[in-house]
Amino acid sequence: MTLRAYIISRILLTIPMILILLTMVFVIMRVLPGDPVLLHFEKAEHPEAIEEMRRKLGLDKPIWVQYFDYLFGLLRGDLGKSMHDFSPVAEQIFSAFPATLELAIYSMIVAVSIGIFLGVEASKSYNQPKDHTIRVFGIVTYAIPIFFLGMIFQIIFAVNLRWLPVGGRTYPAMEPKGFTMPLSQPPGGVTTHLFLSCVAGLIVSTLCLVAFKLKGKKITRKILGVLISVFLATWILWAWVGWHFISMGELHIATGLYTIDSLLEGNLYKFAEAIRYLILPSLTLGLVLSGVFIRLTRSNMFETLRLDFVTAAKARGLKERTVIYGYALRNAFLPILTMMGLQFAALLAGAILTETTFSWPGLGRYIVERINFRDYTAIQGAVVFFGILVSIVSLVTDLLYAYLDPRIRL
Amino acid sequence: MRGTRAISRIAIVGIVIAIIVVAAVVGYFLMQPAKKESVLIMGTTDTVESCLDPARAYDYFGWEIIQALGSGLVEYRPGATGAAEDIVPALATSWSVSSDGLVWTFNLRQGVKFDDGTEFNATHVKYTFDRGMGIADPEGPFVGIGYSDIIENVTVVSKYVVRFYLKIPFSAFLSLLACQASYIVDPKYAPPDQVVEYKAGDARGSHPMGLGPYRLTKWTRTAGRDQEMVLEANPNYWNASGGYPKTQKIIIKFYADSASLALAIDAGEIDIAFRQLSATDINNLKTKTHLKVWEGTGAFIQYLVLQEKRPPFDNPTVRKAVAAAINRTAIVNTVFLGQVKKLYSMIPIGMFGHRDAFLTLGDPNYTLTRTLLAPLGYNETHKLTFKLWYETSGHYPQSPELAQMLKASLEASGVISVTLEGRDWAQYRQERIAETMDAYILGWYPDYIDPDDYIYPFLHSSGGSWLHHNYNNTEMDQLIEWARGNTSQSVREQLYEQIQDLMVKDCPIIPIYQGSAWAVTKTNVKGVYLDITQSWRHWLVYKE
């Protein structure tokens, strides 16, 4: 099986997986006692108002009609509207996802750097006081409740020292905007634009030609065909994309990750603020996660350091750092990578406790809130979204495996 | 040779890092925006539940923001008790009522302008009420409070005179006009047949208000929860000449829970923490010298509802025996650390018509409980047993603890045995409508500030049908209807006295406690009024 076939089959396999997940959630949510219709009425409810609301939420139809309606909506890329506030679920999930992603990335960086560094240090001095200290540290951070550690940090760094904020993602009205470039229509209108696209196509195909020439090959008919297709493809792409942006009036790039958006915007103050707000949550979450990585790295490195190739490398006079981080760690890395993939997928599903402790506007809180409200569509949407995310993460992990371990390459 | 190369590499890395750090620090201070206008930062754990359109918004925080963005015909003066003389002019300067209480005429303030310079007049009043009653959003206050059962129609008499014709004489009509559901909307932003919902990136288009002390200049939500809100002073506010609002800009920060809100005010990150701080956090913040804790009358009450459809609570004597066995002192001190008030009436303390009616049954009076239950055959060996239901998902403060304490105080009588049943709010809500619960704890925030809002929805046979407790007493219905329809405050006070006496006799609902309103601010924050209206008056608050 080639790598491409492998990737395609993996992607195809996610479809039944998500369908099964979705069906389970669909049924479980409706079997759970509690009715989203009634929850719209805190106080007095009138029977007509209840009926009206049931119709509005689409819950008056038979359950199998609801199920297929939802599936067909999903095929069109429509996650439906929330049963709590009637806004599109996709919009809500995407508005919170960058916050979750940013927190996940930075806590993963913290966890992995602390975990690997301490794990390596422990394995070097196996069964010595240093090793015992690191192991105890690993166990303590692993066992400590996130909200407790978070609160200790808040009390020290926010309340007493006042260096860092207690919570939130950034100071209100400071949200980084990303990169925006105003675009004006070219003076000649469509014709000029198409001409410019033509020039762009020429430039790209010339570059291709240079690349071929540099390889020392003669221009054959085959290469000429490739060049013409490159020219046409560039021309069409440039014409279409360029015109699309011009008609929007501006080119706007914003990732929703504040550390990146503030840099795109070129505002270091906002960047520093974004980092300031990130430090405590990512440090808390990263420390708690690091315990796992310490233990994994320690045991794997211990095994690897006893292997012959390490001794051979040392005998050749390579620096210890090179031997450990360049040779041994790369061999001991596979289980760590698996764990990284698993943990990262879990982090994307929302670190609910961290998000609550630091008022971080991510997805974890959204899901808990919506389960309480029996917001069927929101929960279904979130499950589909996470299903896709987790499969992407595990696919990437597997591909990295192949990259790191030549034996797995097929 | 290798050594020098390593050193030079380290040196290069060090220089690059140093440059980045210096650039970051310099950039940080260069780009720091200058602060000159008066700004207040508020923190809260609340969020707008649905939207900021009075045709649908029916939650505390939604109304708090609507009150900052809009104005009503009348409003409550700061420090109000809910009495008629507490209602002061806002967009209406004076008013009169016909002798039968059915026709109300309002003279409007002249020269008040919307954002775009259009002058406010009588057609806007008519538009607002026609729109709210026309949309009749099922979850909105127009349906919930029943505007259409009260108002027959709104007529424009002249440019500055508007007249309301009522279907029934309704004594609390001015209170109804003072509540945020009755705030005037701007027709340019309020389509006649559609509720205005949140629009990402368009704060002005996300609400239909105008005419208020503030404008909403920023509102972002992530995943259906508010993330940032900025209010800026409205130069067209009708009371701008009076020097309001006192603060130019209010920034609202949103926290996930009481603990982080308490830490934020303690760390000086925010100027004001308003709602919801837990009893423990408030007690802790009271000890800080750099903070000021404000306590005000609250209008939130909690009460125990008894199901009268079937035994044991179909018998008023049993209900009375339970009412006599409730130890409110223990509940207030143990569960809420003394931060709420014991409540012996449906009408809250601080509102006209309130009297400690249930105190006649003792607090607790176990002898009375035993005497009442003995003839019915309940004693130490054959106890009165029932299930006490409560919600567990944090819909009300400290619910499980409250239920535990209620159980303990009831069982201390020696003749009652209680089993606790906890459900999350979604399920609890469903059980209520299915009438499966014998005794259940509920809570109430007022819609309009009048005793009627604490009596009619609970004790009237049709007004209280949503409780599903099956209480029906024609004498009670008659008294309530009289009290609703009479415009004389002294007559109403007498009627409410009779209603409360009758309530103690029937015991369909047992009041437990009344919450207080709490705000914690920096010591230099002034102009905080926490009265029975529960309103946060943004325009009065300022920092010295």
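Begin by selecting Leu337(B), which counts as partly exposed because it has 14 C-beta neighbours inside 10 Å; a residue is called buried if 20 or more other C-beta atoms lie within 10 Å of its own, exposed if 12 or fewer, and partly exposed in between, with C-beta atoms placed from the backbone. This is a predicted model, in which local features need pLDDT of at least 70 and side-chain atom pairs count only at pLDDT 80 or more, while totals for chains, interfaces and linings use all residues. Residues are numbered from 1 along each chain as its sequence is written, and chains are lettered from A and ligands numbered from 1 in the order in which they are written.

Leu337(B) is found in the loop between helix 9 (328-335) and strand 14 of chain B; helices (H or I, at least four residues) and strands (E, at least two) are DSSP runs, numbered from the N terminus.

Next select Cys507(B), which also is not a glycine and has a positive phi of about 50°. Is Cys507(B) buried or exposed? With 23 C-beta neighbours inside 10 Å, Cys507(B) counts as buried, and its place is in the loop between helix 15 (489-506) and strand 18 (509-515) of chain B.

Then go to Pro311(B) and Pro312(B), which are joined by a cis peptide bond with an omega of about 5°. Pro312(B) lies in the loop between strand 13 (301-306) and helix 8 (316-324) of chain B. Another cis peptide bond joins Asp363(B) and Pro364(B), where omega is about -10°, and Pro364(B) is placed in the loop between strand 14 (340-342) and helix 10 (366-373) of chain B.

**Chain B as a whole**

Now select chain B, which has 15 helices and 21 strands. Its C-alpha atoms fill a box of roughly 105 × 75 × 40 Å, taken along the principal axes. A compact globule of 544 residues would have a radius of gyration near 24 Å, and the 27 Å of chain B agrees with this; the radius is taken over C-alpha atoms, and the globule rule is 2.2 Å times the number of residues to the power 0.38. Of the 544 residues of chain B, 51% count as buried.

**Where chain B touches chain A**

Show both chains together: 44 residues of chain B are in contact with 49 residues of chain A, where two residues are in contact if their C-beta atoms, placed from the backbone, lie within 7 Å. Which element of chain B gives the most to the side that touches chain A? Helix 12 of chain B does, with six residues. By class, this side of chain B has 21 nonpolar, 12 polar and 11 charged residues; Ala, Val, Leu, Ile, Met, Phe, Trp, Tyr, Cys and Pro count as nonpolar, Asp, Glu, Lys and Arg as charged, and the others, Gly among them, as polar.

Zoom in on Arg225(B), which is in strand 9 of chain B and is partly exposed, with 19 other C-beta atoms within 10 Å. Leaving aside its neighbours within four places in sequence, Arg225(B) is in contact with Pro361(A), Thr47(B) and Phe254(B). Arg225(B) and Asp46(B) are 179 residues apart in sequence, and their C-alpha atoms are 9.0 Å apart in space.

**Across to chain A**

Select chain A, whose secondary structure comes to 15 helices and two strands. A compact globule of 410 residues would have a radius of gyration near 22 Å, but chain A has 27 Å. Of the 410 residues of chain A, 35% count as buried.

Finally, pick out helix 12 (residues 320-348) and helix 15 (residues 376-404) of chain A, whose axes come within 9 Å and cross at roughly 170°. The crossing makes helix 12 of chain A roughly antiparallel to helix 15 of chain A; axes are lines fitted to C-alpha atoms, for helices over the stretch in contact, and angles run from 0 to 180 degrees between N-to-C directions, with those under 35 degrees counting as roughly parallel, over 145 as roughly antiparallel, 65 to 115 as roughly perpendicular and the rest as oblique. Residues making this contact include Phe333(A) and Leu337(A) of helix 12 of chain A and Val393(A) and Leu400(A) of helix 15 of chain A. The residues of the contact between helix 12 and helix 15 of chain A divide into 12 nonpolar, four polar and one charged.
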